[in-house]
Amino acid sequence: MDLSRVDLNLLVYLDVLLRERNVTKAANHLGITQPAMSNGLRRLRDLFADPLLVRTSEGMSATERATELQPLVRSILSDIEQAVQEKTPFSAGESQRVFRIMASDYAESCLMPRVLRRIRQEAPHVTLDVLTPSDVSFLDVEQGRLDMAINRFEKLPQSFHQKTLWTEYFACLMNARNPILSDSFTLATYLDASHIWVSKTGFGVGVGVNPKDVQRLGWVDEALALIGHKRQISVFTRHYQVAMLLAEQHDLIATLPCRAAWLQKDNPNLVVKTPPFVIPPFELKMAWSPLLQHNLDHQWLRRLIVEVAEEVDAEFAPFGGRFEGDAGRLS
């Protein structure tokens, strides 16, 4: 194909059409008329010898060819934007940018308050929009509509960039007057107690929990199932802050990430114990779109988050070391 005969504006049309899946919305986005966008779609179909978008009962759907083209076209346009865009240094003190970050409840409790404090110090006019996992999808990250996702991920798309912020172990949080503490804290006494379950959050809208479905209950219950046991869950919650409050009930145990338990280290009503069985650790990661990899604003945000995570890790180390060590001895 002779590229000199290809109108590169068509790639812009295709990018917006595949994102909006609607000719009228795509035209409005680009500030052109609906007939002009329809003509652009016709030319795109001729260029790629494929219908690209077909009408279905649910609206316009992308063909297999269009689905293959979408990340390629977005990457090409991103490279062009980067090549022609003037490189102006990011001025944190003057920036009025809005950063949108998806953070799990655990990350929001243990990391985001310190991130916000640093942002307020260095970039007082920057706005931080913190979303929950149920607010967004991997597609939002991939297309750059979300600046950052911070969570524990079982699997990430290969195109995503990622950075591990820390490795996390588990602790048991309970009331200082919990009857279980009158004797040794063993697996047997742990199993006799009543427990608080906290959601392992991912992307997508949450649904109700089936207590019998161990595979969906997550880290703690999967670890117990491997040694042939099951705990008695009395409360299900999707929020670590709620779990920590409920742990103050005299007969309940919350088994949760160590840094969440660490937040309660000065609470005289609560005590922290090492779980009496091995729970595999997990990694807290931040992930972002390749479209934002070279963005100077985004590079500043990534550096700030990493620095804050390192500060948390250093401050947490004296408290958390024993849980990592005990997990190793138990294994």
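Because the model is predicted, local features need a pLDDT of at least 70 and side-chain atom pairs count only at pLDDT 80 or more, while totals for chains, interfaces and linings use all residues. Residues are numbered from 1 along each chain as its sequence is written, and side-chain values use heavy atoms, with hydrogens and water left out.

The protein chain has 13 helices and 12 strands, where helices (H or I, at least four residues) and strands (E, at least two) are DSSP runs numbered from the N terminus. Of the 331 residues, 44% are buried, a term that stands for under 20% relative accessible area, with exposed meaning over 50% and partly exposed in between (1.4 Å probe, protein chains only). Among contacts (heavy atoms within 4.5 Å) between residues at least 6 apart in sequence, 77% join residues at least 24 apart.

Strand 3 (residues 98-103) pairs in the parallel sense with strand 4 (residues 127-131) over 5 bridges, pairing being assigned if DSSP finds at least two bridges between two strands. Within this pairing, isoleucine 101 has valine 130 of strand 4 as its bridge partner.

A search of the whole structure finds 13 aromatic pairs, in which rings of Phe, Tyr and Trp (its six-membered ring) have centres within 6.5 Å, and planes under 30 degrees apart count as stacked, over 60 as edge-to-face and the rest as tilted. The rings of tryptophan 219 and phenylalanine 282 are stacked, because their centres are 4.8 Å apart and their planes lie at 5 degrees. Since tryptophan 219 lies in helix 10 (residues 219-226) and phenylalanine 282 in strand 12 (residues 282-288), the pair ties together parts that are 63 residues apart in sequence. Tryptophan 219 is buried at 13% relative accessibility, and phenylalanine 282 is buried at 5%. In contrast to this stacked pair, the rings of phenylalanine 316 and phenylalanine 319 are tilted, with centres 5.9 Å apart and planes at 50 degrees; these two residues lie 3 residues apart in helix 13 (residues 296-330).

On the surface, Leu8, Ile76 and Ile80 form a nonpolar patch. Isoleucine 76, placed in helix 4 (residues 64-84), is partly exposed, with a relative accessible area of 39%.

Notes. Patch = residues over 30% accessible without salt bridge, like charges linked within 9 Å, V, L, I, M, F, W, Y side chains within 5 Å. Areas by Shrake-Rupley, 256 points an atom, 1.4 Å probe, with all protein chains shown as cover. Salt bridge = Lys/Arg side-chain N within 4 Å of Asp/Glu carboxyl O.
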